[in-house]
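Q: Hi! I have a structure open here and I'm new to it. Could you walk me through it?

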Amino acid sequence: MELLIAFGTDDGENLNNDHVGMAKYFHVYRFSNGKEELVERIGNVKLKGDESMKHGDPEKAEATSSVLENVDVVVGRKFGPNLPRLLKKFVCIVVRTNTITNAIEAVHNNMDAIVEQKNKGQDRKHVVLKP
């Protein structure tokens with residue numbers, strides 16, 4: 001199975017420290033046949049609106065979702081209150097590591113669990129991975 005997996009990052013090497021939706025960029029990798037390939041670096045379009053909006057605002061979830069339109073999985077160190085909304089569109093993975101390289105390894109090591117959640121559709125749960 002081929003999956004497009006986005007990693008939230010501010011610098012291209014490490015996962016961002018805030019909620020994944022607050023990352024400056026998403027590095028999108030194609031995972032297929034036990035290998036991964038970077039296919040796109042997407043700038044995170046910040047929500048253009050009232051900056052006083054709180055975490056969990058549905059418009060923030062929509063902004064993140066629109067940037068990641070064709071992605072299957074989103075990986076980050078933290079997710080905010082919009083996690084239930086994001087789970088309707090993506091498999092959401094919380095990974096307990098700092099670098100994208102280590103997160104990629106954790107994804108490879110847990111691909112069966114990730115595919116299982118993808119196949120559940122809108123009934124999916126988030127996955128927590130340790131390196």
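Q: Thanks! What sort of sheet is in there, and what is the strand order?
A: There is an open sheet of six strands, in the order 3-2-1-4-5-6, with mixed pairing. Its edge strands, each pairing on one side only, are strand 3 (35-43) and strand 6 (127-129). From one strand to the next, the twist averages 25°. Strands here are DSSP runs of E with at least two residues, helices are runs of H or I with at least four, and both are numbered from the N terminus. Two strands pair if DSSP finds at least two bridges between them.

Q: Where do these coordinates come from, and what should I keep in mind?
A: This is a predicted model, in which local features need pLDDT of at least 70, side-chain atom pairs count only at pLDDT 80 or more, and totals for chains, interfaces and linings use all residues. Residues are numbered from 1 along each chain as its sequence is written, and side-chain values use heavy atoms, with hydrogens and water left out.

Q: Good to know. How many helices and strands does the protein chain have?
A: The protein chain has four helices and six strands. Along the sequence they follow the pattern β-β-β-α-β-α-β-α-α-β.

Q: Back to the sheet: in which sense do strand 1 and strand 4 pair?
A: Strand 1 (residues 3-9) pairs with strand 4 (residues 73-76) in the parallel sense, over three bridges. Phe7 stands opposite Val75 in strand 4.

Q: And which elements does helix 4 touch?
A: Helix 4 (residues 111-119) packs on the sheet and touches strand 1, strand 2 (25-32), strand 4, strand 5 (91-95) and strand 6. Its direction makes about 105° with that of strand 1; axes are lines fitted to C-alpha atoms, for helices over the stretch in contact, and angles run from 0 to 180 degrees between N-to-C directions.

Q: How about Gln117, is it buried or exposed?
A: Gln117 lies in helix 4 and counts as buried, at 9% relative accessibility. Buried means under 20% relative accessible area, exposed over 50% and partly exposed in between, using a 1.4 Å probe and protein chains only. Not counting residues up to four places away in sequence, Gln117 touches Val91, Arg124, Lys125 and Val127; contact means heavy atoms within 4.5 Å.

Q: Let's switch to Asp72. Where is it?
A: Asp72 is in the loop between helix 1 (58-67) and strand 4. Asp72 is buried, with a relative accessible area of 18%.

Q: What does its side chain reach?
A: The side chain of Asp72 reaches the backbone nitrogen of Leu4 at 2.8 Å. A polar contact of 3.4 Å also joins the side chains of Asp72 and Lys118. A polar contact is a pair of N or O atoms within 3.5 Å; within protein, one must be able to donate a hydrogen and the other to accept it, and residues adjacent in sequence count only if both atoms are side-chain atoms.

Q: Now the inside. Which residues have the most contacts in the largest nonpolar core?
A: That core has 20 residues, and those with the most contacts inside it are Ile5, Phe7, Val75, Ile93 and Val107. Its largest share, five residues, comes from helix 3. A nonpolar core is a set of buried Ala, Val, Leu, Ile, Met, Phe, Trp, Tyr and Cys residues joined through side-chain atoms within 4.5 Å. In soluble globular proteins, nonpolar side chains tend to be buried together.

Q: What about His27?
A: His27 is in strand 2 and is buried, with a relative accessible area of 8%. The C-alpha atoms of His27 and Gly12 are separated by 7.3 Å, and these residues are 15 residues apart along the chain.

Q: Last one: how do strand 2 and strand 3 pair?
A: Strand 2 and strand 3 pair in the antiparallel sense over eight bridges, and Phe31 stands opposite Glu36 in strand 3. Their hairpin has two residues between the strands, and there Asn33 takes a positive phi near 55°.

Q: Is Asn33 buried or exposed?
A: Asn33 counts as exposed, at 72% relative accessibility.
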